Amino acid sequence: MSRTDEVVNGIKRMILEGQFRPGDRLPIEKDLAEQLGVSRGSLREGMSALSILGIVNIRQGDGTYVTNLDAPQLLAPMGFVVDFQGQGDPRHIHTVRRLLECEAACLAATRITDEALSQAGDLLDEAARLIGQSPPDHERIMEIDIAFHRIIAVHAENPVLVGLIEAFAGRTIRGRLWRSLHEEGADLRTHDEHVAILKALVAHDPERARTRMANHLIGVEESLQGLPDDADTGIESARS
């Protein structure tokens, strides 16, 4: 094990044992290096790694602090794994996204608040207006899509599940925007599917919510099977 790894594992252990809590300021560099039995250079390298992992926040001139340690932030580095695996066959990413979001919809159906349902309804009302415009504002429609799915994920009340969904769903945005721009009727179909999901949530019906979400995401997966390698170019051309 390298000295950098010793720093990373040592700080993780201290957090798990309750020596440091979210928001705590870590000891000064000299004292912490002595406590961990490493050089100050190794400590700095370890802190840089912990910062990338979302475990500490290095504030120049103020010190190093433990972050709030929320699951989405800690799971964010997993995005590279998702990107790497998706290079070969993006369908793998969409399949995992479907598994996660179907479970989130099922859980949210029994937990979602009236306020959140109202927010989701307002988003879909705005999407309906935008779809009826010529030309539609595809980027705003995509923002609404993301916000709608995020409301559902958050109300599953499982921060780990939220973090995983954001890691996977965030890697599908390019394809979803390409579909919106190039597939005739895609925005309207997506909107109708979202409405069906919302109705299941309003009814607080877990299995129907799961089924509606599955139908929606399977449709997205099927439409993206022919996504071209130069999709980014096509997106930029359509925007300009």
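Glutamate 101 and arginine 97 form a salt bridge in this predicted model, with the closest N and O atoms 2.7 Å apart; a salt bridge here is a side-chain nitrogen of Lys or Arg within 4 Å of a carboxyl oxygen of Asp or Glu. The two residues are four apart in helix α6 (residues 91-108), so about one helical turn separates glutamate 101 from arginine 97. Both glutamate 101 and arginine 97 are buried, where buried means under 20% relative accessible area, exposed over 50%, and partly exposed in between (1.4 Å probe, protein chains only). As the model is predicted, local features need pLDDT of at least 70 and side-chain atom pairs count only at pLDDT 80 or more, while totals for chains, interfaces and linings use all residues. Residues are numbered from 1 along each chain as its sequence is written, and side-chain values use heavy atoms, with hydrogens and water left out.

The structure holds 13 salt bridges. In one of them, the side chains of glutamate 29 and arginine 44 meet at 2.9 Å, N to O. Glutamate 29 belongs to helix α2 and arginine 44 to helix α3, so this pair ties together parts that are 15 residues apart in sequence. Glutamate 29 counts as partly exposed, at 25% relative accessibility, and arginine 44 is partly exposed with a relative accessible area of 45%. Glu29 and Arg44 are also linked with Arg40 in a network of salt bridges. A salt bridge is likewise formed by the side chains of aspartate 62 and arginine 59, at 3.7 Å from N to O. Aspartate 62 is partly exposed at 33% relative accessibility, and arginine 59 is partly exposed with a relative accessible area of 37%.

The chain has 13 helices and two strands; helices (H or I, at least four residues) and strands (E, at least two) are DSSP runs, numbered from the N terminus. Of the 240 residues in the chain, 42% are buried. Contact means heavy atoms within 4.5 Å. Among contacts between residues at least 6 apart in sequence, 71% join residues at least 24 apart.

Helix α7 (residues 114-131) has 18 residues, which at 1.5 Å a residue should span 26 Å, and its end C-alpha atoms are 26 Å apart, in agreement; the expected span is 1.5 Å times one less than the number of residues. The buried residues of α7 are Ala116, Leu117, Ala120, Gly121, Leu123, Leu124, Ala127, Leu130 and Ile131. These buried residues pack against α8 (138-154) and α11 (186-202).

Histidine 191 is found in helix α11 and counts as buried at 12% relative accessibility. Not counting residues up to four places away in sequence, histidine 191 touches Leu124, Ala127, Ala128 and Ile131. Histidine 155 is found in the loop between α8 and α9 (159-169) and counts as buried at 16% relative accessibility. Leaving aside neighbours within four places in sequence, the contacts of histidine 155 are Leu107, Ala108, Arg111, Ile112, Thr113 and Ala116.

A cavity is a set of points where a 1.4 Å probe fits but cannot get out, a pocket is an open set with protein on both sides within 12 Å along at least five of seven lines, and lining residues have an atom within 4 Å of a point. Grid points are joined across faces, edges and corners, and a volume is the space filled by probe spheres set on the points.

The count comes to one cavity of 30 Å³ or more. The elements that give two or more residues to the lining of the largest cavity are α7, α8, α10 (173-182), α11 and α12 (206-223). About 200 Å³ of space lies in the largest cavity. Of the 19 residues that line the largest cavity, Ile141, Asp145, Asp187, Thr190 and His194 lie nearest its centre. By class, this lining divides into eight nonpolar, six polar and five charged residues; Ala, Val, Leu, Ile, Met, Phe, Trp, Tyr, Cys and Pro count as nonpolar, Asp, Glu, Lys and Arg as charged, and the others, Gly among them, as polar.

The second largest pocket holds about 310 Å³ of space. Its lining has 17 residues, of which Glu29, Met47, Ile58, Gly63 and Thr64 lie nearest the centre. At least two lining residues each come from α2 (29-36), α3 (40-52), β1 (56-59) and β2 (63-66), and α3 supplies the largest share, four residues.
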